[in-house]
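User: I would like to go through some of the labels used for this model and see what each one rests on.

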Amino acid sequence: MNSYDVVIVGAGPAGMACAAEARQAGLSTLVLDEQPRPGGQIFRDIEVSDPGRRALLGKDYAEGARIAEAFRASGADYVSGAVVWNIDSAKRIDYSAGGRSHSVEAKSLVAATGAIERPTPMPGWTLPGVTTVGAAQILLKTSGIVFEDLVLVGSGPLLWLAASQMITAGVPPKAIVETVPKSRYRAAARHVLRALPGWRYLAKGFAMMRAVKRAGVPVHRDAEDIAIEGDSAATAVTFTSGSKRHRIETAHVALHQGVVPNQQMTRVMNCQHRFDESQRAFLPVLSEDFETTVPGVFVAGDGAGIGGAKSAAMRGRLVAMRIAETAGKPVSGERAKLRTALARDAAVRPLLEALYAPSDDVLSPADAVMVCRCEEITAGQIREAVALGAPGPNQVKSFLRAGMGPCQGRMCGLAVSEIIAAARGESPSTVDYYRIRPPLKPLLLSELAGLGAEAPREAAE
Amino acid sequence: MTNRTADLLVIGGGIHGCSAALHAAMRGLDVVVIEKDTVGRHASGVNAGGVRRLGRHYAEVPISQRSMEIWHRIEDLVDDDCGFQRAPQIKVAESEADLDELKARAAHLRAMGFEHEVVLDRGELRAHLPAVAEHCVGGLASLDDGFAQPYQTTFAFSRKARSLGVRFEENCRAQRVTRVGSDFKVTTDRGVFSGRRLLNCGGAWAGEIARQLGEPVEVEPTAPMMLVTGRMPRFCTAVVGNQSRPLSFKQMANGTVVIGGGLRGRALPETNVSELIFSELRRTAETAIAIFPIMKGASIVRSWAGIEGRMPDGIPVISPSSTQEGAYHAFGFSSHGFQMGPGVGEIMAELVATGRTNAPIAPFAITRFAPEADASGSSPTQTEGLSA
């Protein structure tokens, strides 16, 4: 079996920067990534972007292209289209690529699997025509496709970024329905001073909001009781805003409630996690060098806690420096500088987290709302199971099958923990999260049956 | 302050602990269940759910039969259907030699007076399993067996027990068992509990309790591996095993297929962690595809393993203590205890309440593991956990 000093899962800014730094330190490095090309979600397809799409990305494009170029030049081994489906306690990684499963061993493992969008169960969210803002944005970045009647619903910086990108692309959203309660502005105001070192982010945010206003996109604020109407597909979105009920006809709705760390990989490795009240999400417990509670397993990028692309790249480099240091290589003189820059880049986060924390309305879907889409389990069923005595997500999973489907809870896990915690009058930190089991992504049974079939060929090499 | 005394202290909130607690409560006993995690957290909640008499060790057959009678009226007992579905259990023979072994087994059972296992010829096998591979020559079936939802079942037993007054102390580990006068004291994470009788249903963790009672036995923690596929068109209504290679295979009502069969992962009972070993589980995938070619197109969505206790001879301990009067054991079911839960719980409650049972439990005596020179009872050095 092949073995590397460092195996990095994910080729977004964190993974790419980590790989380049690790190679610079002389470490043998492998990057496994699901996409056909490096870039991750934020810099998706950055190497093949045409000028139109570069314009969409604006200033970020140059930064992404530079990181991708450095990664390509680094000499790190790179397997695209690789779906990692298991990592065991000996840091043996099983992944699927080209219709076959392969195994590789890592001395150090870096999970650079980034963030996923927070699940947003609400009436009608499973109807065809409803997607997430992140998915709509990827479609725009990779194919230039925009729906003309798209209504953006939710909260968070990405909502405004996507809106401004759609405006740049010449297809502004039909409306923005923002779920930020008025009280959040007061809560966020307390963090303004601390956020000032991050004034560039704030300026960018205001610029995006101005662009939306200039384009004449209707913005409904403080929206509550959102429902998407439709029998076989979305036909309208309804909500209460300014103590009035509104109804916007549309066949396309994109939902968003911020992004949260993708914990599937660190969960499958039994790393400890904690619930972060400010980010309202589970984060892996990490050392200052981003090492998890499992020695030799690191998390770089948004998986370590939401920080954005700049922080992701810096964290990736810091992780590589730590691994190099452990391997007895000289430590880069840039480490202290990087740490300072990372702290500065994070200055704006408390403000954003306070402002865009999901509203109670969003966190407590009505009983009839489907929460687990794979197994069609409603919020009411989850609350009933709690009433019967189920103490946490794993019992609810065993009892109702919630989280047992092909997505293994990626789409519902946080919502289920939140609903159980609320029903029990506890915090998500005590009710915890689903135990995640391999395969991380569905795997053909025939592929498992052929596992290890490549061994003789490797031996002949 | 909570009441920390009871007629019976049960250690372990798995299917056996919950079933025994329920049956003891039905006999009017005051019961406390001490569970280190939560009810059904380990093997009881995450096993393959087979409700199987087929293919059992001959010594287990009478108890399994008694349990089966309870399964057929499970809803009357626990007010929950436990997801129990009656279905044939079939062991497939891939060769004439396999089939001969199965025929011999059926004959042996008939001689014992049990008629529930019947031989299937080539055509009968296909009548039950239209999707079975061409090379399979026959099988052995127990037609009135079935399967159930393991967590739903264990949870239902605990809820029914609770409704009859049984107290469950969860996240409460039994650390030390001592005897003070005629009572047992169990020191836990959350104080000392005291009871006139003690029942050890500690599963993979039961060996330590037995050791403290002065009768050490080897309970190997194991992690039987299982996997489940995405939904598939309905092609199999029976629960299927294999005579010559490990397999347990069933299609659930929702179309997903659960495949197990006893191949073992890595069990780490100290941390509650079980790890899958895919180089082993690979064989399970191979066997499933060999028996049902349709499985070539199946995709695995999840795999798992619960931590279970295995005895050196592969059959459980169902036994009064040989060292402490009033203490009892039901553990070490060696990956096939789920079906026996309802029946063994009834037997244990009878033992606890009356001191005796007519059930044929002699083959499961804990003394079978005692060193021959000392088969009669405990030695002083083995009772360090007990103080009078």
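User: At what angle do the axes of helix H4 and helix H5 of chain A cross?

Analyst: This is a predicted model. In it, the axes of helix H4 (residues 133-143) and helix H5 (residues 157-168) of chain A cross at roughly 30° and come within 10 Å.

User: Why is H4(A) called roughly parallel to H5(A)?

Analyst: The axes cross at roughly 30°. Angles under 35 degrees count as roughly parallel, so H4(A) is roughly parallel to H5(A). The crossing of H4(A) past H5(A) is left-handed.

User: Which residues of H4(A) and H5(A) meet, and how do they divide by class?

Analyst: From H4(A) come A:Val133, A:Gly134, A:Ala136, A:Gln137 and A:Leu140, and they meet A:Leu158, A:Leu159, A:Ala162, A:Gln165 and A:Met166 of H5(A). The contact has 7 nonpolar and 3 polar residues, and no charged residues.

User: What makes strand E22 of chain A and E20(B) a pair?

Analyst: Strand pairing needs at least two bridges. E22 (residues 443-444) of chain A and E20(B) have 2 bridges, in the antiparallel sense, so they count as paired. A:Leu443 is opposite B:Ile300 in E20(B).

User: How many residues does each chain bring to the contact between chain A and chain B?

Analyst: Chain A brings 27 residues and chain B brings 29 residues. On the side of chain B that touches chain A, H9(B) gives the most, with 8 residues. That side of chain B divides into 15 nonpolar, 8 polar and 6 charged residues.

Terms used:
Residues are numbered from 1 along each chain as its sequence is written. Chains are lettered from A and ligands numbered from 1 in the order in which they are written. This is a predicted model: local features need pLDDT of at least 70, side-chain atom pairs count only at pLDDT 80 or more; totals for chains, interfaces and linings use all residues. Two residues are in contact if their C-beta atoms, placed from the backbone, lie within 7 Å. Helices (H or I, at least four residues) and strands (E, at least two) are DSSP runs, numbered from the N terminus. Ala, Val, Leu, Ile, Met, Phe, Trp, Tyr, Cys and Pro count as nonpolar, Asp, Glu, Lys and Arg as charged, and the others, Gly among them, as polar. Axes are lines fitted to C-alpha atoms, for helices over the stretch in contact, and angles run from 0 to 180 degrees between N-to-C directions. Angles under 35 degrees count as roughly parallel, over 145 as roughly antiparallel, 65 to 115 as roughly perpendicular and the rest as oblique. A crossing is left-handed if the near helix is turned anticlockwise from the far one by less than a right angle, and right-handed if clockwise.
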